[in-house]
Amino acid sequence: MKKFAEWSLFSFFPRHCACCDVRIPGSRMFCEECEKNLPRITGEICMNCGREKKECTCRKSSNYYTALAAPFYFEGNVREGIHRFKFRNSGVNSKAYAAGMAAAVSERYAGVHFDFVTEVPVTKRAERERGYNQCSLLARSLSEISGIPYKKGILKKIYETEKQHGLNYYLRRGNLTGVFDSDCPGEIKDKTILLCDDISTSGETLGECAKMLWLYGAKDIYCITAALTKMRGDK
Ligand SMILES: [Zn+2]
Ligand SMILES: [Zn+2]
């Protein structure tokens with residue numbers, strides 16, 4: 001039975017490299033060339049902003065979340081792959097990035113017991129238009145790989161905001177105030193929560209979501225994203 005399931009998966013969902021989209025053997029997530037050139041975040045890492053210490057410019061600014069982690073920088077082939085996954089409806093790629101996220105969680109958050117993983121929400125309208133919320137796909141795949149239970153829709157995004165991208169630091173902050181809320185505060189109280197986003201630039205979206213979780217009594221909040229932009233020259 002298992003053989004048949006595997007066979008049908010291979011025949012109906014041929015694998016493509018999660019970065020450059022070339023066809024690859026079903027056992028791989030990235031083609032050899034991309035695997036070699038993944039912009040991994042490794043070595044000595046700042047737990048506060050998730051970047052390598054040599055890339056950290058956060059000066060340990062205080063957050064509503066305890067730590068931020070990601071497997072990759074948002075550049076090169078990962079930038080290409082995430083764009084494809086995010087805008088061109090290739091949701092299958094979530095598995096490749098979620099595998100990297102799961103590895104980052106077990107390595108950097110070793111010993112933390114998470115009650116559940118949930119996602120940064122999009123508005124209902126945005127989800128309808130795209131057909132899926134890319135952060136939910138990542139959170140669900142991450143849950144399947146890591147065994148941390150997944151809870152969908154803990155947070156909701158109440159209205160559409162201007163793209164954070166292109167706004168200056170102060171406008172970005174103001175742009176998100178009061179945008180997120182929850183319909184299920186009882187699920188949040190006293191819980192250790194893993195909050196999942198696709199890309200983080202300066203952490204404001206995660207910070208605002210974490211603030212709501214904190215206001216509803218979360219015990220601890222850790223963030224995980226597929227990729228982080230390099231901070232240099234961002235502010
Ligand atoms: Zn590739
Ligand atoms: Zn830092």
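Predicted model: local features only at pLDDT ≥ 70, side-chain atom pairs only at ≥ 80, totals over all residues.

1. Residues are numbered from 1 along each chain as its sequence is written, while chains are lettered from A and ligands numbered from 1 in the order in which they are written.

2. The protein chain holds 8 helices and 7 strands, taken as DSSP runs numbered from the N terminus (helices H or I, at least four residues; strands E, at least two). Of its 235 residues, 38% are buried, that is, with 20 or more other C-beta atoms, placed from the backbone, within 10 Å of their own.

3. Strand S6 (residues 192-200) has 8 of its 9 residues buried. Strands count as paired if DSSP finds at least two bridges between them, and S6 pairs in the parallel sense with strand S3 (residues 116-119) over 4 bridges, where valine 117 has leucine 194 of S6 as its bridge partner.

4. S6 also pairs in the parallel sense with strand S7 (residues 220-228), over 8 bridges, and isoleucine 199 has alanine 227 of S7 as its bridge partner. From S6 the chain passes through helix H8 (residues 204-215) to S7 in a right-handed β-α-β crossover (clockwise from the first strand over the helix to the second, with the strands pointing away from the viewer).

5. In helix H4 (residues 94-108), the buried residues include Tyr97, Gly100 and Met101.

Key: Buried ≥ 20, exposed ≤ 12 C-beta atoms within 10 Å, placed from the backbone.
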